[in-house]
Amino acid sequence: MTTSHAVSRGATVPASAQLFARACAVTPGGVNSPVRAFGAVGGTPRFMVSGSGPYLLDADGHEYVDLVCSWGPLLLGHAHPEVVQAVQRAVAAGTSFGTPTRSEVELAEEIVARTPVQQVRLVSSGTEATMSAIRLARGFTRRDTVVKFAGCYHGHVDSLLAAAGSGVVTFGLPGTPGVPAAATAATLVLPYNDVAAVQTAFAEHGDRIACVITEAAAANMGVIAPVDDFNRFLADICAAHGALMISDEVMTGFRVSASGYHGIDGAGWRPDLITFGKVMGGGFPAAAFGGRADVMAHLAPEGPVYQAGTLSGNPVATTAGLATLRLADAEVYAHLDAASAQVQQLVGDALREAGVPHVIQSAGNLFSVFFVEDDRSTEVRDFVASQRQAQHRFRAFFHAMLEHGVYLPPSAFEAWFVSAAHDQVALDRIAAALPPAAGAAAAAAPDPEGTG
Ligand SMILES: Cc1ncc(COP(=O)(O)O)c(C=O)c1O
């Protein structure tokens, strides 16, 4: 859909392509976070100039219904007027003081009131939150080994950028050049949702395990909810062995319910530490980790485990986060759940109608579409299963949706996000884009190299 606000009227090369060429000259891959480069889907990333409610406007004047929502933070949609006003007031009062401020206390109080954490420390990114939570767990337990699950992403923390070794319980191998083997040598990478693998890991290494870190619901290998009470099982086995359970709610926190995924599967138990990010920053860089008061007491300056940040608890970011959370009431969550269910239904109908094999999975209002290889596929429970996708179909689907004015995550392995601003008009636009996109997915030819 083209609006009348074309930014680069008359240009022969689209403005996004021009900007991308300039970006590639001065930035590796032209982007500041890899998935934005469209590497998995091909083509030119769209450079956005503004957002309003459920819509994004790109530099060529194309408007899209946004199903990425900045990868999660924009629970209320783009440029919510009350958030914008609060931020404008905060900016005018000064952007950073390097001292404690009222808004960081109020944001911490809001987080403590909504979730099972007793104390919280604010940081600037989800990566910092998980990195700091792991340091704290190691400092508290005086142990080194960290258990993580294949396909769970916790930011680009060295020790967590580990790929699984060949055995079920083997220490991790660096998942990227630049991470020394020593950084992952104390990381055990296990299959997600695999109770037996966790039991074996604790039987073999229990007295060395500082913590188990897991996404509260996996949403970085497509959306895979924990099955068989997996999270509670992790909390129990950690407690039995003197380890800590870290639940990573950076993606799910304050999105899938007022408290996060713990609000869905947390009756009767709680993690020792929880990490937060995304929604709690209201579109600004703010994140946090928190948990049991006796564990948090080990953090500097109260305790010996060092952690700090020049812009931690920044007054503009905390104001945006606080305004967002205060607006995120029961009505907002009911709307998100309904909008998510409607989009899932529409996508499922269109793909079925076009004969495209697929599985749609959700964890609360987070969901993703697995373009599975054939109709025999059922539930996707782990990383190995999530990799078996007909990516050529996703690529065709993605580009057809883009062409018809819907901006999806540019990867088959990402969650889709709705916001409270996704009203019926926006959902109708998605509905109109789906049949041609499903048709394109059905007609897509597999890659010659056989990569799906
Ligand atoms: C579950 C999870 N944890 C941590 C992170 C890292 O957050 P950030 O990108 O803010 O560093 C992400 C990012 O997507 C995430 O999904």
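The model is predicted, so local features need pLDDT of at least 70 and side-chain atom pairs count only at pLDDT 80 or more, while totals for chains, interfaces and linings use all residues. Residues are numbered from 1 along each chain as its sequence is written, and side-chain values use heavy atoms, with hydrogens and water left out.

**Nonpolar cores**

- In soluble globular proteins, nonpolar side chains tend to be buried together.
- A nonpolar core here is a set of buried Ala, Val, Leu, Ile, Met, Phe, Trp, Tyr and Cys residues joined through side-chain atoms within 4.5 Å.
- Buried means under 20% relative accessible area, exposed means over 50%, and partly exposed is in between (1.4 Å probe, protein chains only).
- The largest core has 81 residues, and those with the most contacts inside it include Ile-111, Met-280, Met-401 and Trp-416.
- A second, separate core holds 29 residues, among them Val-147, Cys-152, Leu-234 and Trp-269.
- Which residues does Met-401 contact, leaving aside neighbours within four places in sequence? Its partners are Val-406, Leu-408, Ile-430, Ala-433, Leu-434 and Ala-437, where contact means heavy atoms within 4.5 Å.

- Helices (H or I, at least four residues) and strands (E, at least two) are DSSP runs, numbered from the N terminus.
- Two strands pair if DSSP finds at least two bridges between them.
- Reading across this open sheet, the order is E4-E12-E11-E10-E9-E5-E8, and the pairing is mixed.
- Strands E4 (119-123) and E8 (187-190) are at the edges with a single partner strand each, so one side of each is left without a neighbour in the sheet.
- On average, neighbouring strands of this sheet are turned by 20° against each other, direction ignored.
- Strand E11 (residues 273-276) pairs with strand E12 (residues 287-291) in the antiparallel sense over 4 bridges, and Thr-275 stands opposite Phe-289 in E12.

**The sheet of 4 strands**

- A further open sheet has 4 strands in the order E1-E2-E3-E15, also with mixed pairing.
- Its edge strands, E1 (48-52) and E15 (406-407), each pair on one side only.
- Strand E3 (residues 63-66) and E15 pair in the parallel sense over 2 bridges, with Val-65 opposite Val-406 in E15.
- Helix H14 lies across E2 (55-58), E3 and E15, and runs at about 100° to E3.

**Two packed helices**

- Axes are lines fitted to C-alpha atoms, for helices over the stretch in contact, and angles run from 0 to 180 degrees between N-to-C directions.
- Helices H11 (residues 330-354) and H14 (residues 424-443) pack at an angle of about 25°, their axes 8 Å apart.
- That makes H11 roughly parallel to H14, because angles under 35 degrees count as roughly parallel, over 145 as roughly antiparallel, 65 to 115 as roughly perpendicular and the rest as oblique.
- Where they meet, H11 contributes residues including Val-343, Leu-346 and Ala-350, and H14 contributes residues including Leu-427, Ile-430 and Leu-434.

**Backbone spots worth a look**

- The peptide bond from Ala-300 to Pro-301 is cis, with omega near 5°.
- Pro-301 lies in the loop between helices H9 (293-296) and H10 (315-327).
- Asp-228 has a phi near 55°, a positive value in a residue other than glycine, and Asp-229 also has a positive phi of about 55° without being a glycine.
- Asp-228 sits in the loop between strand E9 (209-215) and helix H7 (230-241), and Asp-229 is found in the loop between E9 and H7 too.
- Asp-228 is exposed at 57% relative accessible area, whereas Asp-229 counts as partly exposed at 45%.
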